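Open the model in your viewer and keep the selection tool at hand. The tour goes stop by stop.

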Amino acid sequence: MVLEFEQPIVDLEQKLKEMKELAKGRNIDLSSDIESLEEKILSLKKETFQNLTRWQRVQLSRHADRPYALDYIYEITNDFIELHGDRTVKDDRAMIGGLGDIDGRTVMFIGQQKGRNTKQRQDRNFGMANPEGYRKALRLMKMAEKFGKPIVTLIDTPGAFPGLEAEERGQGEAIARNLKEMFMLKVPVICIIIGEGASGGALGIAIGDKVFMLENTWYSVISPESCSSILWRSWDYKEQAAEALKLTAMDMEKNGLIDGIIPEPLGGAHKDLKAMSGTLKQFINEALKELDKLKPEKRIEKRIDKFCSMGVVVE
């Protein structure tokens with residue numbers, strides 16, 4: 001998959017490949033030309049990815065090759081045991097969770113999981129959790145609290161599933177209960193947006209002591225397409241909607257809604273999973289080290305104050 005703004009880079013990389021094959025096949029010294037083209041490609045990459053529009057970052061967050069929650073979990077943990085079911089309805093495959101080991105410390109991971117192909121996407125419901133998914137997440141959070149294990153949530157969803165059956169089973173109540181309960185968890189909670197962070201579907205597992213966003217992700221009450229369809233009755237204005245929503249990691253940090261931005265490899269997280277996972281692991285370890293210094297009561301107090309101070313109230 002090649003995004004429109006990536007095409008000039010891809011074209012130059014193809015030219016570089018052909019040049020190397022020509023030099024090797026005909027035993028011609030093209031080292032200076034190859035070096036010059038490599039520098040040109042690197043310069044173009046830096047210029048392109050440092051000046052992305054908000055809509056382009058939304059596109060990157062949805063890239064078909066972008067790592068999902070389980071990709072990161074398997075990469076940064078030495079061992080991971082997935083846990084299933086909400087003990088009421090069923091196991092929601094769009095919401096995953098389990099215990100993993102990071103440098104000798106057990107952590108409860110919870111996240112939304114999408115699929116790579118059509119079959120997997122249907123199985124995972126495109127990363128849109130039903131009420132039982134949020135109830136499973138809460139069950140695992142309570143388990144982590146019981147055994148004194150920190151919680152890390154990895155958020156990547158286009159929203160909670162909006163189907164009639166989800167509403168019948170209490171979608172709104174499930175998300176609302178998660179918000180309430182997450183404020184009062186006695187263990188450290190770290191929330192990381194790794195892709196899409198849409199509406200209550202994202203917020204349902206995003207109340208934490210530390211909230212981070214990967215560089216090319218977005219976090220908003222509504223997607224640009226849905227916003228465009230409401231305001232203009234058409235998806236054609238999604239780019240304008242993205243600009244108006246101010247939904248990127250840089251926007252969120254500027255408005256004091258997140259605690260930090262996790263940098264991605266040049267070109268996006270999908271370009272180097274190992275490097276991205278290493279950076280993610282480093283941020284998690286540093287955040288846990290900082291949160292461990294606080295007593296549970298102080299963490300809860302700071303967590304509540306953090307979210308209560310967001311926004312502007314005019315009386």
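A patch joins residues that have over 30% relative accessible area and no salt bridge: like charges within 9 Å, nonpolar side chains (Val, Leu, Ile, Met, Phe, Trp, Tyr) within 5 Å. A salt bridge puts a side-chain nitrogen of Lys or Arg within 4 Å of a carboxyl oxygen of Asp or Glu. Accessible areas come from the Shrake-Rupley method with a 1.4 Å probe, and for residues only the protein chains shown count as cover.

The model is predicted: local features need pLDDT of at least 70, side-chain atom pairs count only at pLDDT 80 or more, and totals for chains, interfaces and linings use all residues. Residues are numbered from 1 along each chain as its sequence is written, and side-chain values use heavy atoms, with hydrogens and water left out.

**Stop 1: the surface patch.** Select Ile-230, Leu-231, Trp-232 and Tyr-237. They form a nonpolar surface patch with about 410 Å² of accessible area together. Tyr-237 sits in the loop between helix H10 (224–232) and H11; helices are DSSP runs (H or I, at least four residues), numbered from the N terminus. Its relative accessible area is 34%, so Tyr-237 is partly exposed (buried is under 20%, exposed over 50%, partly exposed in between; 1.4 Å probe, protein chains only).

**Stop 2: helix H1.** Select residues 7–25.

**Stop 3: positive phi.** Most residues other than glycine have a negative phi. After H1, go to Asn-27, with a positive phi near 55°. Ser-199, in helix H9 (residues 199–203), has a positive phi of about 55°. Lys-246 has a phi near 50° and lies in the loop between helix H11 (238–245) and helix H12 (249–254). Its relative accessibility is 42%, so Lys-246 counts as partly exposed.

**Stop 4: Arg-303.** Is Arg-303 buried or exposed? Buried: its relative accessible area is 1%. Arg-303 is in helix H14 (residues 296–308). Show its contacts, among them Met-182, Phe-183, Ile-207 and Asp-209.

Definitions and conventions. Helices (H or I, at least four residues) and strands (E, at least two) are DSSP runs, numbered from the N terminus. Contact means heavy atoms within 4.5 Å. Lists of a residue's contacts leave out its neighbours within four places in sequence.
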